[in-house]
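This report describes helix packing and pockets in one protein model. Please look at the sequence and structure before reading on.

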Amino acid sequence: MSLSVVVVDDEPLIRSGLRAIINAEEDLTVVGEAGDGAEVLPLVRRTRADVVLMDVRMPAVDGIQATRLLLDNLAPAPRVLVVTTFENDDYVYDALRAGASGFLLKRTPPDDIIAAIRTVARSESLLFPEAIRTLALAHVGTPAPTGLDQYQLTEREQEVLRLMARGLSNAEIAAELILGLQTVKTHVANVLSKLNARDRTQAVIRAYESGFVPLH
């Protein structure tokens with residue numbers, strides 16, 4: 001499956017570097033670039049990109065606002081992969097909560113950048129689960145005592161969510177729980193639907209913030 005990518009960063013050198021890395025892959029193509037978040041919605045609407053690499057800090061419209069604009073105005077919306085200089089940046093956690101599917105450091109090796117794009121496009125596993133847990137640890141206050149009770153997850157769905165938080169793929173969850181792959185996909189879809197989460201990242205963040213999955 002060929003994937004189309006939009007690169008958004010206010011530094012032309014970063015954009016050109018990412019473009020070269022991505023276009024070197026047979027199954028990936030950069031279909032557009034933008035220097036500010038304000039340009040992203042019309043660009044993605046025109047190109048119908050599968051994945052957006054989104055700089056989190058930009059002068060006019062930042063990556064958080066741009067991510068919200070995409071998710072609020074496009075259906076289906078692309079997967080957003082936040083690109084940042086600092087992994088503990090408050091903006092990164094806010095972008096994940098706004099609907100981004102993961103984040104990358106600008107110093108990430110090229111092979112890992114490519115793997116991350118493919119991972120978020122497939123959405124079958126959580127990207128860098130330990131990094132997300134570390135971010136949540138720094139930003140989550142006292143969890144609600146009720147956890148996720150109001151969402152009425154079944155026991156099996158709760159098991160699946162815990163394994164999602166560990167970063168297991170659908171196939172790995174199936175092996176862990178001795179279930180069929182299609183059954184696991186159904187459980188994952190039910191978890192996302194009940195939590196009103198766009199993808200695994202938002203579901204796992206909700207699990208951390210509620211205390212359902214302990215951070216310590």
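Helix α10 gives the most to the lining of the second largest pocket, with four residues. Helices here are DSSP runs (H or I, at least four residues), numbered from the N terminus. The model is predicted, so local features need pLDDT of at least 70 and side-chain atom pairs count only at pLDDT 80 or more, while totals for chains, interfaces and linings use all residues. Residues are numbered from 1 along each chain as its sequence is written, and side-chain values use heavy atoms, with hydrogens and water left out.

**Pockets**

A pocket is an open set of points on a 1 Å grid over the protein atoms alone, where a 1.4 Å probe fits, with protein on both sides within 12 Å along at least five of seven lines; lining residues have an atom within 4 Å of a point. A volume is the space filled by probe spheres set on the points.

| Pocket | Volume |
|---|---|
| Largest pocket | about 230 Å³ |
| Second largest pocket | about 190 Å³ |

Among the 13 residues that line the largest pocket, Asp50, Pro76, Ala77, Pro78 and Arg79 are the closest to its centre. That lining has nine nonpolar, no polar and four charged residues. Ala, Val, Leu, Ile, Met, Phe, Trp, Tyr, Cys and Pro count as nonpolar, Asp, Glu, Lys and Arg as charged, and the others, Gly among them, as polar.

The second largest pocket is lined by residues including Leu71, Arg97, Asn196, Gln202, Ile205 and Glu209. Its lining divides into four nonpolar, three polar and four charged residues. Domain 1 (3-122) and domain 2 (144-210) each supply at least three of the lining residues; the domain bounds come from an automatic or database domain assignment. Helices α4 and α10 each supply at least two.

**Helix pairs**

The axes of α4 (residues 90-98) and α10 (residues 200-210) come within 8 Å and cross at roughly 110 degrees. Axes are lines fitted to C-alpha atoms over the stretch in contact, and angles run from 0 to 180 degrees between N-to-C directions. Helices α4 and α10 are therefore roughly perpendicular (65 to 115 degrees). Tyr93, Leu96 and Arg97 of α4 contact Thr201, Gln202, Ile205 and Glu209 of α10, with contact meaning heavy atoms within 4.5 Å. This contact has three nonpolar, two polar and two charged residues.

The axes of α1 (residues 12-23) and α5 (residues 110-122) come within 10 Å and cross at roughly 70 degrees, which makes α1 roughly perpendicular to α5. Leu18, Ile21 and Ile22 of α1 meet Pro110, Ile113, Ile114 and Ile117 of α5. The α1 contact with α5 has seven nonpolar, no polar and no charged residues.

Technical notes. Parallel < 35°, antiparallel > 145°, perpendicular 65-115°, else oblique.
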